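Trainee: I'd like to talk through this model with you. Could you take my questions as they come?

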Amino acid sequence: MTAYLIKRILWMIPMLIGISLISFFIMHLAPGDVTSNESSFNPRASEESRQKLRELYNLDKPVIIQYGLWLKRIIELDFGNSFASHQKPVLWERKDKSGNITKGLIQESLPITLMINLLGIFIIFTISICLGTLSAVRQNTWVDRSITLFVFIAFAIPGFWLALLLMYWTGVSNQWLPISGLHSPGFENLSSFGQFIDLLKHLVLPVSISSLSGLAGISLYVRNGMLDILHQDFITTARSKGLQENKIVFIHALKNAILPLITIIGLSIPGLIGGSVIAESIFAIPGMGKLFYDSVLMRDFPVIMGILTIGSVLTLIGNLLADIGYAWADPRVRKGLVK
Amino acid sequence: MKKFLIFTIFIYSLLLISCSKKDSEVIDYNKKFMINPGGSLINAMTGEPSNLIAMIAGDSASSAIAGNIFNSLIKYDENLEYAPDLAESWQISNNQKTITFKLKKGLKWQDGKPLTSSDVLFTWKLITNPNTRTPYASDYQLVIKAETPNPLTFQITYADSYAPALDTWASLHILPKHILENEDINNTFFSRNPIGSSYYKLDNWISGQQVTLKANEKSISGPPFIKKLISRIIPDTSSQFLELTADNIDVMNINPIQYQRVFPAKKDLQRKIELYKELGNGYTYLGFNLKKAPFNDIKVRQALNYAIDKDEVIKGVLLGLGESISSPYKPGTRWNNPNLNPYPYNPKKALKLLNKAGYIKNDKGILLKNGKPLKFEIITNQNKQREMTAVLIQRRLQEIGVEVSIRVIEWASFVNRFIKTGDFDVVVLGWSLSLDPDQYNIWHSSQQGPGQFNFLGYSNKNVDKLLEVGRKELNILKREKIYHEFSKYLLEDSPIVYLYAGYSLSAVHKRVKGIKQPSPPAGIYHNNYDWFIPKPLRRNEIME
């Protein structure tokens, strides 16, 4: 097992280099660089100053040399500074000589996105497992059909549209919830419990909207897994032993049915750091989706590469964790009985 | 396009949910109120400011916030004429090469330190320093000598008289020497924690969410009435609009659909929100690649100009909220030549001109010259209004037998792949209606290199000469004549078709008083320090 783990981890290094190389080249295939954003298309801004900027950021050098420079920095875990005029560090905060701290871009955006996505995943999994089990137990009844219908509607409905409707309904006509942002004005004057409640209120809509579309996939997954299990011999055995139906469903069947979800959780780890551009724009949440989108439009290469690198590391780790988790949870996999 | 779609669906959805909001109490916002200082104003902006040092930042969000914190030597007043700011007066020498600014007495930075001519000199040195990453240095590098004979006097000398000089000093924010002297201006805490001299100072900045300014009691012109300016960053304009409807923000920029369709339909909004319109700072044009046939033929350009119905474009794209123009200057200002008129819509005349240029209609109604059809591609960037404009133009040109295709491209690719390489037929783009009339960088024939701004390839000896003279003439009346003449040539040559100058539309909650209606040429924001919020109308959730 240990040898297997070490092998897996070592394999990640060439994979990472490959991923970063490909992303770096694809990124440079798009025409333009940071000097060609819309606000620099200004007759008062001279071409010489743009050229100066290009030289400063080594954008005039061949792509392969730029990649080498980037790799050299990244090996020292230095993600560099953004090309934008604020020059914020890409990853983590920096202190200047007089002690002023400039926070990193990812450092600022990641916690918000992570919080929303974790809450989202938690909600998706709890609700999906309930819905999936219910539809499996009541297979082909009106309960099953209406659950399926509901999750498909939730999946198909355009999130931004529903978001705007809900914002209007809960924020404008009823004033139950705030409309956008993460804090109310006057937030700094609230007690810390008040701040927490304020934050939760702001999160209700974004988290529900982002969870809705995820229900369909997982609940159907649970339903089908559950149906498979419920038709297996050991369940029949349990029934014939006279076990209570509740016990059969929730202890014997459910445990087996949710095993495959471990893989899904593992695979959704990289998704945790990604945010939806549309949802973040509508709810005015400064998360990772908007950060990535804006840096692509601006051709802010260090930020793009920073996010991609972290994303690929997390993907690889997620895959690894999923495999390990599966082995841990399922004795059959551990013992090599099934692959 | 996506935003438009989102917005349309949103409007229909609003209609679907019949709104059932009850008003608990009716406040009469139109009463007369006493002026008393205090209160907070919340506005919405779509992007976060990047850097509050304006010479380094390029984005509009940064300049909007920095403009409340910093002063320049002079500024534009509500009629867009020069007015004192830090300088109480300025004098131009007889040879027109030296300008002497006299600073007001007793100026102070927000930290209490005196603001003197050495700060001005420091700022000039900073922007002309080759290590400073500013795109705007070239105007200031023309100064050959800058002196401070005493703490209240700042004197600059140009090698040759330079007419846009005052405009450049009106846009340069003066920065504090005592703080920035030993800082790396490109990468300093100051860009997010500035020390300024104007009406407001930075209170706090929550990254990605909001920037709060509070009144600067040491402001050189006295503190403003409104004590707090909160700018919330809300990228989506539909969400901004919901926040405005729910009373959570006071000011936002709106689009023509909101102005013409949503507001007239909603009585409860009209009761509490006032709309303002003013001519915006830019115009949209259709530009020909003059280095390419058939656009090197003036008859073809003029014909296409006659064949485009500008009024239709303004009605269709801006819902009538724009003006057609005939020079690159704001209508109503001195630089605009009142004797010029846009090319009227006249397809017959267009056809006649095209016939003269050698194009004959075949039996299918397509214009041909030597067997080749008149056919080109309009490119534009992802901008809803420009896309719609291109579509309307396409239809009108099709009617006279010209085949037009449209391509919409993301901005950076647009500039690098097409504009810089000159690989395009026709563009739909915009320029700003600059306050100083100098347009040397856009129209002089020497400015056609890659990355320069005469990318259409316009060259006219008379225009070159006028642009050169106009740059050196500081006498305002003589200058006016020069640019009237320049506009005439430009209209005649028709290197671009002026399409429209759109209005900039704002919605402001009626609790905010002191805004000029109708807006003066400089726009409603020029006197935002005179705005006030009467005590009974203030929000109570924000403690002061």
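Trainee: What share of the contacts in chain B with a separation of 6 or more comes from residues 24 or more positions apart?

Mentor: Such residues account for 68% of those contacts in chain B, where two residues are in contact if their C-beta atoms, placed from the backbone, lie within 7 Å. Bear in mind that this is a predicted model, in which local features need pLDDT of at least 70 and side-chain atom pairs count only at pLDDT 80 or more, while totals for chains, interfaces and linings use all residues. Residues are numbered from 1 along each chain as its sequence is written, and chains are lettered from A and ligands numbered from 1 in the order in which they are written.

Trainee: And how much of chain B counts as buried?

Mentor: Of its 544 residues, 44% are buried, a label that requires 20 or more other C-beta atoms within 10 Å of the residue's own, with 12 or fewer making a residue exposed and anything in between partly exposed, the C-beta atoms being placed from the backbone.

Trainee: Why does the radius of gyration of chain B agree with a compact globule?

Mentor: A compact globule of 544 residues would have a radius of gyration near 24 Å and chain B has 25 Å, so the two agree; the radius is taken over C-alpha atoms, and the globule rule is 2.2 Å times the number of residues to the power 0.38. Along the principal axes, the C-alpha atoms of chain B fill a box of roughly 80 × 70 × 40 Å.

Trainee: Which domains is chain B divided into?

Mentor: Domain 1 takes 33-69 + 198-250 + 511-544, domain 2 takes 70-185 and domain 3 takes 282-503, with bounds that come from an automatic or database domain assignment. The centres of domain 1 and domain 3 of chain B, taken over C-alpha atoms, are separated by 37 Å.

Trainee: How many helices and strands are in there?

Mentor: Chain B has 17 helices and 21 strands, which are DSSP runs numbered from the N terminus (helices are H or I, at least four residues; strands are E, at least two).

Trainee: Let me pick one residue, B:Val211. Where is it found?

Mentor: B:Val211 is in strand S9 of chain B, residues 210-215, and it counts as buried because 24 C-beta neighbours lie inside 10 Å.

Trainee: Which residues is B:Val211 in contact with, leaving aside neighbours within four places in sequence?

Mentor: They are B:Pro49, B:Ile65, B:Trp205 and B:Ser231.

Trainee: What about phi of B:Asp247?

Mentor: Phi of B:Asp247 is near 70°, a positive value in a residue other than glycine. Most residues other than glycine have a negative phi, and most peptide bonds are trans. B:Asp247 lies in the loop between helix H7 (237-245) and strand S11 (251-254) of chain B, and with 15 C-beta neighbours inside 10 Å it counts as partly exposed.

Trainee: Switching to chain A, is A:Arg299 buried or exposed?

Mentor: A:Arg299 is buried, because 22 other C-beta atoms lie within 10 Å. Its phi is near 60°, again positive in a residue other than glycine, and A:Arg299 is found in the loop between helix H12 (288-298) and helix H13 (301-329) of chain A.

Trainee: How many residues does each chain bring to the contact between them?

Mentor: Chain A brings 51 residues and chain B brings 58 residues. On the side of chain A that touches chain B, the largest share, 10 residues, comes from H6(A).

Trainee: Finally, what is the mean pLDDT of chain A?

Mentor: The mean is 84, and 97% of the residues of chain A reach 70 or more, pLDDT being the predictor's confidence in each residue, from 0 to 100. Confidence is lowest in helix H14 (residues 331-334) of chain A, at a mean of 72, and highest in helix H5 (residues 142-156) of chain A, at 90.
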